Amino acid sequence: MASFAQKYNTCTGNPFTFDLKGYTFTSLKELFNSEESKNKVHHLDGFYFTRGKFGLHAVVVMSDVKKRVDMPLYLTKTFVDIVNNSEAVNDIKGGKVGFIVRKYESHNKECYSITFEDK
């Protein structure tokens, strides 16, 4: 059985390495509305965590288009779970994972999220 420290000190490293020089940030909304995004499965090359004004959240890296995309806060736990699952990390590194940007409404506000897709 794993100790408390082994169980909960797992999200300190990043299994993905990137040279992010030349990458730009885009929002999920911008990605959703871009012409090349319509019903497209985007390649997920990896992600990293950063702290913003609302706390820890994931940033997805898309190497094919040199973009970084902030993920919604509610997906942070999902990305932490992925980091802690070596099979999931290997699937991403192996090019087996993509995502589709989806739009939804919440509290009369337009919101954007992703749905993972197998490639």
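Which residue in β6 does H42 stand opposite? The residue is F99. The notes below concern a predicted model.

1. Overall make-up. The protein has four helices and seven strands. Along the sequence these elements follow the pattern α-β-α-β-β-β-β-α-α-β-β.

2. The sheet. Three strands form an open sheet in the order β2-β6-β7, and their pairing is antiparallel. The edges are β2, covering 42-43, and β7, covering 109-118; each of these strands pairs on one side only.

3. The antiparallel pairing between β2 and β6, the latter spanning residues 97-106, rests on two bridges. H42 facing F99 in β6 gives the reader a place to look for this pairing.

4. Aromatic pairs. There are six aromatic pairs in the structure. One of them joins F16 and F18, whose rings are stacked, with 6.3 Å from centre to centre and 20 degrees between the planes. The angle counts as stacked because planes under 30 degrees apart fall in that class. F16 is buried, at 5% relative accessibility, whereas F18 has a relative accessible area of 26% and is partly exposed.

5. The F32 and Y112 pair. Among the aromatic pairs is also a tilted one between F32 and Y112, at 5.4 Å centre to centre with 55 degrees between the planes. This pair links distant parts of the chain: F32 lies in helix α2 (residues 28-33) and Y112 in strand β7, 80 residues apart. F32 is partly exposed at 23% relative accessibility, while Y112, with a relative accessible area of 11%, is buried. The two residues fall in separate classes because buried means under 20% relative accessible area.

6. The ring cluster. F16 and F18 belong to a cluster, linked by ring pairs, that also includes F47, F49, F79 and F116. F16 has a further neighbour in K93, whose charged end sits over the F16 ring at 6.0 Å from the ring centre.

7. Burial and surface. Of the 119 residues in the protein, 34% are buried.

8. Contacts along the chain. Among contacts with a separation of 6 or more, 54% are between residues 24 or more positions apart. The link from F32 in helix α2 to Y112 in strand β7, 80 residues apart, can be inspected as a case of distant parts of the chain being joined.

Key:
Residues numbered from 1 in each chain as written. Predicted model: local features only at pLDDT ≥ 70, side-chain atom pairs only at ≥ 80, totals over all residues. Heavy atoms only, no water. Pairing = 2+ DSSP bridges. Phe/Tyr/Trp six-rings, centres within 6.5 Å; stacked < 30°, edge-to-face > 60°. Buried < 20%, exposed > 50% of the residue type's maximum accessible area, 1.4 Å probe, protein only. Lys NZ or Arg CZ within 6 Å of the ring centre and 35° of its normal. Contact = heavy atoms within 4.5 Å.
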